[in-house]
Amino acid sequence: MGKLWAVIRKNYKTSIRNPEMTLAIIFGPILFVILIGLSYQSSALTSNINIGLYTPHTESTSLIETALQNVDKLNLVKVRSEQECTTLLQKHLLHACLIISYPDPDDRYHFDAKMILDYSRSSITLIISDTLKNIISTMERQIIYQSVSNMRLATDSQNLGFGEAKEQMEFFKTLISSTKNDVGTISDKINAESTRVRLQLLTTGNNLQQAYNDISNSESDLILQQSKVRAYREKVTLLKTKTSNARNNIQNAWRITCNNQGTNYYPAITENFDYSKLSADTQSICSMEATFYYMTVDYDNQLAILENDLTNADSMISNTIAQIESTKSQIQTYNLQVSNEVNNVNAGQLNIQTYLDAQRYNLDNAGQREEGITASIDKIQSLMNGLNAALNPDKLSNPIKQSIATFTNNDTKLAYLFPVIICFIVMMTSLLIGLTVRYYERKSAASKRNELFADMKYIVMGDFIFVLILILTELLVIFIGFKLFFGLDSLHNIHIIIFTIILYIIIWILVGFILAEMYDSLDTAIFVSVTVGILIFMMSDVLIPLEVYPKYLAFFTSINPFMMLAELLRINYVSSVDVTSEALPINVGFIVTIAVLIIVLWITKIYKKNQNKN
Amino acid sequence: MTNQDKINILEIKNLNLNFKDNKIFSNINIEIKENSMVGIIGKSGSGKSTLLNCITGMLTPNNIELYYLGEKIQPEKLFQHIGFSFQHSSFYKDLTVKENMEFYGTMADMNKDSITNQTKSLLTTVGLIEHENKLAKQLSGGMQKRLDLAISLIHNPNIILLDEPMAGLDKDTREQIWKLLYALKNAGKTLIIVDHFIEELEQYADSFIELVGNGKAVVSDEVIRAGFWCIEITFNRELTEQESKRYNIYSKRIVFALKSKFEAKKYLNHLAESPIYGIILRVSMYQKK
């Protein structure tokens with residue numbers, strides 16, 4: 001460890017005492033960041049873009065003037081002809097030309113915008129197209145302002161009509177809603193009242209029926225009693241007859257007995273009769289007979305009274321029955337009336353309910369129509385809003401708001417190049433510094449002594465670690481710089497990214513070491529390393545799209561370490577997604593690559609050693 | 001103790017190195033005495049630096065047997081006993097003197113205290129202690145060579161290999177470096193030097209390994225090119241440190257190789273006037289054949 005540290009410290013000291021090296025290592029990245037950072041500011045970019053404007057129509061010069069007045073941060077130049085514009089473009093005095101012309105001279109609402117671009121400067125083409133789009137948008141707004149003023153006049157009256165219609169619809173809507181509520185209330189009240197009356201009538205009917213039944217029962221009892229009274233009266237009549245017969249018999253018997261006495265006994269019976277003229281037996285019999293006679297008379301009188309009472313009772317019962325019949329009849333009449341009333345109530349309620357249902361159905365229909373009307377009103381309103389919105393020239397000229405999302409907070413249009421820049425810096429600095437440090441070590445005055453004295457593995461490892469620390473320091477400076485200029489908030493999985501970048505640095509350092517071992521001339525080694533770097537850069541997706549390569553070549557480009565790191569950084573930085581799954585196979589692949597490079601380096605050293613021996 | 005009495009600190013046996021059909025080294029056997037300074041000489045392309053690389057293990061020959069203090073040792077194990085100073089300074093120019101020392105001390109698995117002490121000691125020895133916080137690239141050529149030497153010694157090796165240590169240095173600087181190397185030898189180190197400055201090398205080296213071509217090597221105490229005028233001076237005693245520094249002579253016997261007889265005589269005249277003339281035991285002048 002002491003030896004390794006000694007080599008690293010030695011490298012550090014020799015580096016910082018070499019002004020050119022110090023400048024390249026320390027100030028290089030700082031200057032690079034400042035340079036890139038300043039040049040990538042959008043204001044700096046756009047203010048240096050020269051765009052030529054030309055229109056062949058005098059009527060359309062107002063469009064050009066509008067663009068000149070309203071488009072800031074761009075250097076817009078009026079040119080006299082399309083040819084002049086093209087010539088200036090060819091001389092790189094302009095970056096783009098914009099030719100405005102009307103396809104139909106009578107139609108001032110349509111125009112053709114022809115953009116002439118210099119595709120040889122592809123890096124700035126995106127910005128130019130973006131700015132040209134802004135200019136055209138400005139012109140579009142100018143035209144649309146004119147058409148909109150006419151449209152606004154037309155739509156204002158329509159807007160008013162729609163407003164009134166909407167108000168009326170709103171009124172009807174309220175009215176229907178209110179009526180619907182009233183019908184509901186009435187219907188409820190009628191239903192309640194009908195139910196109450198129906199219940200009363202049914203109660204009355206029940207009571208009448210009960211009374212009818214009670215009276216009928218009484219009537220049956222009375223009839224039964226009447227029949228009993230009549231039967232009793234018949235019996236009484238029969239008893240009277242019998243009594244009369246008995247009295248006649250007694251009277252005959254008495255007459256017979258008592259007349260023999262020569263007396264008109266009848267008056268005698270009723271009057272004081274002198275029984276002394278009669279024998280004792282006869283007297284006794286006569287007396288008994290007289291008694292019997294009077295008894296039958298009394299009995300007969302009582303029977304007569306009874307019969308009379310019975311007759312009266314019969315008569316009274318008959319009268320009562322008649323009254324009951326009359327009452328029954330009345331009850332039946334009432335009951336019929338109640339039934340009729342119930343039927344009337346039911347029928348009335350049914351009619352009213354049917355009517356109310358019909359009204360409610362009508363109101364529902366009206367409500368549905370009201371919803372339709374409301375929807376129509378809303379639609380009309382929406383159309384009106386759309387129309388109003390469309391009448392805003394700004395919105396009308398840009399109906400679809402376009403935006404290009406940048407991956408940083410700042411609107412730096414070239415910030416998408418950040419991953420590629422990082423990859424390029426990683427590759428070239430690692431390659432060149434690795435090559436230079438190793439080459440100078442190998443070719444230094446001390447190299448012979450190192451071969452004899454020092455353990456070369458410590459020297460090589462020390463050089464390697466020194467270069468790694470150096471480049472990581474540079475990257476740190478660059479990252480801080482880019483953080484200041486671009487912001488790196490969207491950089492996730494920072495540990496994976498750093499680990500992967502370190503792997504790539506190791507790869508390029510090892511490539512640099514191999515080149516340093518292979519060539520005895522620094523010039524040749526640097527030339528080869530730059531060529532290798534450019535080749536790798538060209539074989540990436542940066543300048544030439546990967547898709548245009550033939551399949552067999554695309555395979556090599558797809559495993560290009562530059563390409564793979566750039567892709568990883570791009571996914572992570574631009575798309576801001578988790579790259580854990582993407583990074584793992586890449587890292588494993590690069591560990592294998594590093595192992596291969598170390599083996600190549602080892603073989604190269606052995607080859608060189610044998611060559612030296614020979 | 002004469003050179004012959006010293007023990008072999010390093011023995012190289014059966015060194016064979018072929019490159020395709022060319023035999024670079026063919027069964028070479030070399031013995032290096034401890035506490036000696038050995039010069040490796042030969043024509044360009046004869047394999048001087050290659051020989052050093054074979055010793056250090058930077059090159060793997062077809063066959064080599066290494067013995068350190070009489071014991072067989074693998075090249076990768078020999079590393080800890082060897083310091084290597086390269087033809088061109090081999091350290092980090094953008095590190096300070098001290099940082100370079102500390103870096104290679106750490107690479108040699110030394111602990112912090114050892115590094116600190118050794119750095120201080122070595123930088124004092126090579127005369128760079130006052131410049132320890134200077135960037136290496138701010139040092140002069142001679143200082144850089146001394147720093148390279150100091151770095152080679154950071155782990156306190158017994159054998160120091162030097163591949164053309166004087167390359168690109170002016171005479172004064174070379175003299176400084178030679179004195180330093182001589183001082184190291186006096187400090188007990190064994191130095192194996194590849195250098196094109198044969199005259200200077202002959203002045204300081206105890207023995208020589210001459211790569212004569214066809215993969216062969218000749219080991220001798222003296223190797224001077226044919227045609228050179230040699231002045232061999234033998235002193236009757238070892239020179240004092242002050243005398244050595246003043247006259248740039250670091251051994252009891254010294255051979256100067258000069259390109260012409262005129263230069264040789266001139267040097268002799270100059271020597272006759274010097275204070276050390278009195279301690280000269282014998283002087284002879286001859287032309288190498």
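Modeller: A residue counts as buried under 20% relative accessible area, exposed over 50%, and partly exposed in between (1.4 Å probe, protein chains only). This is a predicted model, where local features need pLDDT of at least 70 and side-chain atom pairs count only at pLDDT 80 or more, while totals for chains, interfaces and linings use all residues; side-chain values use heavy atoms, with hydrogens and water left out. Residues are numbered from 1 along each chain as its sequence is written, and chains are lettered from A and ligands numbered from 1 in the order in which they are written.

Biologist: Is Asp94(B) buried or exposed, then?

Modeller: Asp94(B) counts as buried because its relative accessibility is 18%. Its side chain meets that of Lys137(B) in a salt bridge (2.6 Å, N to O). A salt bridge here is a side-chain nitrogen of Lys or Arg within 4 Å of a carboxyl oxygen of Asp or Glu.

Biologist: Which parts of the chain does that pair link?

Modeller: Distant ones: Lys137(B) is in the loop between H4 and H5 of chain B, and Asp94(B) is in the loop between E6 and H3, 43 residues apart. Helices (H or I, at least four residues) and strands (E, at least two) are DSSP runs, numbered from the N terminus. Lys137(B) is partly exposed, because its relative accessible area is 42%.

Biologist: How many salt bridges does the structure hold over all chains?

Modeller: The total is 19. Side chains of opposite charge can pair when their charged atoms come close.

Biologist: And what is the count between chain B and chain A?

Modeller: Four salt bridges. One of them joins Lys13(A) to Glu99(B), with the closest N and O atoms 3.3 Å apart. Lys3(A) also forms a salt bridge with Asp109(B), at 3.2 Å between the closest N and O atoms. That pair crosses from helix H1 (residues 2-16) of chain A to the loop between H3 and helix H4 (112-126) of chain B.

Biologist: Are Lys3(A) and Asp109(B) buried or exposed?

Modeller: Lys3(A) counts as buried because its relative accessibility is 12%, whereas Asp109(B) is exposed, because its relative accessible area is 59%.

Biologist: What about the whole contact: how many residues does it take from chain B and chain A?

Modeller: It takes 30 residues from chain B and 23 residues from chain A, where contact means heavy atoms within 4.5 Å. The two chains bury about 2400 Å² between them, 65% of it on carbon and sulfur atoms. Buried area is the accessible area (1.4 Å probe) that two parts lose on being put together, summed over both.

Biologist: Which elements give two or more residues to the side of chain B that touches chain A?

Modeller: Strand E6 (82-85), helix H3 (97-107) and helix H5 (141-152) of chain B. H3(B) gives the largest share, five residues. That side of chain B divides into 15 nonpolar, nine polar and six charged residues. Ala, Val, Leu, Ile, Met, Phe, Trp, Tyr, Cys and Pro count as nonpolar, Asp, Glu, Lys and Arg as charged, and the others, Gly among them, as polar.

Biologist: Changing topic, how do E1(B) and E2(B) pair?

Modeller: Strand E1 (residues 8-19) and strand E2 (residues 22-33) of chain B pair in the antiparallel sense over eight bridges; two strands pair if DSSP finds at least two bridges between them. They form a hairpin with two residues between them, and Lys20(B) in the turn has a positive phi of about 55°. E1(B) also pairs with strand E4 (residues 63-68) of chain B, antiparallel over five bridges. There, Lys13(B) stands opposite Glu65(B).

Biologist: And chain A: how many helices and strands?

Modeller: Chain A has 17 helices and four strands, and 39% of its 614 residues count as buried.

Biologist: Where is Ser529(A)?

Modeller: Ser529(A) is in helix H14 (residues 522-538) of chain A. It counts as buried because its relative accessibility is 0%. Leaving aside residues up to four places away in sequence, Ser529(A) touches Leu431(A), Leu432(A), Leu435(A) and Leu515(A).
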